[in-house]
Protein chains: 2
Amino acid sequence: MPSQKPDNPGAKVVKLKDVALRAGCSLATASRALNNNPTVGQAERERVLAAAALLGYVPNNSARALRSQAKHLVGVIIPTLDHAIYAKMVDGLQDRLAQAGTSVIINTSGYDLDRERHQARLLVARGVESVVLVGAEHDPHTLETLARAGVSQILTYTGTAGDASGAVGFDNYASGASAAKYLLDLNHRRFGMIAGLTRHNDRARLRRDGFVDTALAAGVSRDDVVVLEAPYSIEAGGASMRSLMQTHPRPTAVFCGSDILAVGAVKHCSSVGIAVPGAVSIIGFDNLEIAHVVEPELTTIDVPAREMGQMAAEAIIEFRQSQQKGLTKKLQTRLLIRQSTGPAPV
Amino acid sequence: MPSQKPDNPGAKVVKLKDVALRAGCSLATASRALNNNPTVGQAERERVLAAAALLGYVPNNSARALRSQAKHLVGVIIPTLDHAIYAKMVDGLQDRLAQAGTSVIINTSGYDLDRERHQARLLVARGVESVVLVGAEHDPHTLETLARAGVSQILTYTGTAGDASGAVGFDNYASGASAAKYLLDLNHRRFGMIAGLTRHNDRARLRRDGFVDTALAAGVSRDDVVVLEAPYSIEAGGASMRSLMQTHPRPTAVFCGSDILAVGAVKHCSSVGIAVPGAVSIIGFDNLEIAHVVEPELTTIDVPAREMGQMAAEAIIEFRQSQQKGLTKKLQTRLLIRQSTGPAPV
DNA sequence: AAGACTCAAGAAAACGCTTTCCTGTGCAAG
DNA sequence: CTTGCACAGGAAAGCGTTTTCTTGAGTCTT
């Protein structure tokens, strides 16, 4: 790999040395002044600050990080930015960390644990102090690599920290269960579920299990809970709904692992003339913007994604001080009842 | 700011020195082997690589960047991640840059040019080689700060590079114009437009101007083109549509600066019983997922956001070599005719 | 008034790596 | 058999900071 210096000829970059020279003091004093070290006198400090401002000094964080070990840099690895639920989380994370003078490096894994592991290594190389991951299921090497490099690991969208430094999330199992309870209360007894792909995805799996277990516990027969898996897209949601509607007897209520899937399901029904919620009730998950847009508006489970990002940021900041592992913060999901659900048809 | 070392006690971090020791060679040779420098012999190289793998060596990029000036780090400043159109762009950017071994630091400005300027400084401090910005309108200090630090600047969503190093985008004016042309062809003569907030937003302004100018050029009276501005939200789109529908005579076609606004407009109409496209035609912009979800499906102008991000990545890579300013890449938008538009009512 | 002590500020080491410069070996040419 | 040269690999400088160690001046105590 050849080294390329972006030596733009005219503008030379100003260094701390230049500031010190201009302020008439030593490098050490200049550094201290800029870092609010109390041992530097008032007059001196002001002179340095003025010089820095005048010259437009911008510190070199590589050098700073190298010397002081204070990184102020965290990494986040999400499956994709294309899905609003992750984008929102990152937005919250970034927002809150920026206030603490910390930058965020972003990586997408495409739901691939190998890519995730690889990117974790890259982030370690970048010198991040902390990495935010999604879910509880990871290649064991991923967490180990991070831990060995002294990088804290914060899991999101999950209630359990496991081997990681901390977790910020919610109970996917209980959330799935709450969907089932609500539908049971409406007298539904035959269910369908369109889950996300559960391979390497504990969140999708737990939502499914919570839903299925609760239905079975209420006396529903195993045959009356049909579970399908689909990638997160509207089309896939529609296709799965088609399959579900071709089973006999038909389910009267369908729980979807994401609003994306639920929207596909609803659109499929309206295109083939199945009444929602008259003939079949549909529940989504995430409370994305599209839940409001589709007709009928979607009953769904609200996930506080942006807040989760913010709390992950706070967990990182707390961890800086305490170094206490196992910190977990739980958020609540809420069932939002709108128009896509109703009593079971008689 | 106190210095905090994340000195986790047990695990000591592996350095190049350790690798060299293990491989029985000098620091220099180890470095060369890992960087594929051809002057190191085959046997030696393999021994180093093996040692590195065995020890789980991860290079320290701060040190590397400090010494070699090869950053492999770029920054991106977008208004918000909450809007899919920006999230998609970043997704494409990140994806393509990751292939080139380059990381992306993300910052959100909330449409605030002051925050943007501040974040540009932060990115310079981080040692990015390049910064990706949205739109052509920025605080002049922003571009200057970047340029003086030798950081290239790539603009997106705009057709003109201006003072920046490069631009990747499309012609907002022409896109607005094409919406007007299409509606004129359908015999519409009274128009409304719900533009985004145009203050500090050249994209919103150009879309509006392209639309308005084209209508006027076709002989439409100035009074028959009512332009409103609204923040990017479904609610604001609905509220604006309400206002528009209360003017006399009513417009028969409304162009929205974003699908978000258009969805709000459509939903408003269906809630008050105005037929779309029977009584009023509505065109959106961006071709977001929700354009498909709303009923009727939205006629809109497709913006290739992810592709734009990828091309921005390529522009950055090209710039590494050439250092040629003014590089611009143009993408095409496309009018996608769906169900929310039709001939003007007679 | 002299020693002990505080305190601001400078000199220099250190952070982990890349790269320049240099050394020693092996081999072809004279 | 020497001289020159290519080449693999080592020693050390240096990247821009922070931080430790040190110094010298002033202050306090007795």
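Predicted model: local features only at pLDDT ≥ 70, side-chain atom pairs only at ≥ 80, totals over all residues.
Q: How many residues of chain B are in contact with chain A?
A: Contact here requires C-beta atoms, placed from the backbone, within 7 Å. On the chain A side, 61 residues are in contact with chain B. The number on the chain B side is 60.

Q: Which element supplies the largest share of the side of chain A that touches chain B?
A: Elements that each supply at least two residues include α4 (61–68), β2 (103–108), α6 (113–126) and α5 (84–99) of chain A. The largest share is eight residues, and it comes from α5(A).

Q: How many residues on the side of chain A that touches chain B are nonpolar?
A: By class, this side of chain A has 13 charged and 20 polar residues. The nonpolar residues number 28.

Q: Which residue of β2(B) is the bridge partner of A:I106?
A: β2(A) pairs with β2 (residues 103–108) of chain B in the antiparallel sense, over three bridges. In β2(B), the bridge partner of A:I106 is B:V104.

Q: Are α8(B) and α9(B) parallel, perpendicular or oblique to each other?
A: Helix α8 (residues 172–185) and helix α9 (residues 202–217) of chain B pack with axes 7 Å apart, at an angle of about 40°. Angles under 35 degrees count as roughly parallel and 65 to 115 as roughly perpendicular. α8(B) and α9(B) are therefore oblique.

Q: How many residues of the contact of α8(B) with α9(B) are charged?
A: Residues that meet here include B:K181 in α8(B) and B:R203, B:R207 and B:D209 in α9(B). The contact also has eight nonpolar and five polar residues. Its charged residues number five.

Conventions: Residues numbered from 1 in each chain as written. Chains lettered and ligands numbered in written order. Contact = placed C-beta atoms within 7 Å. Helix = DSSP H or I, 4+ residues; strand = E, 2+ residues; numbered from the N terminus. Nonpolar A, V, L, I, M, F, W, Y, C, P; charged D, E, K, R; others polar. Pairing = 2+ DSSP bridges. Axes fitted to C-alpha atoms, helices over the stretch in contact; angles between N-to-C directions. Parallel < 35°, antiparallel > 145°, perpendicular 65-115°, else oblique.
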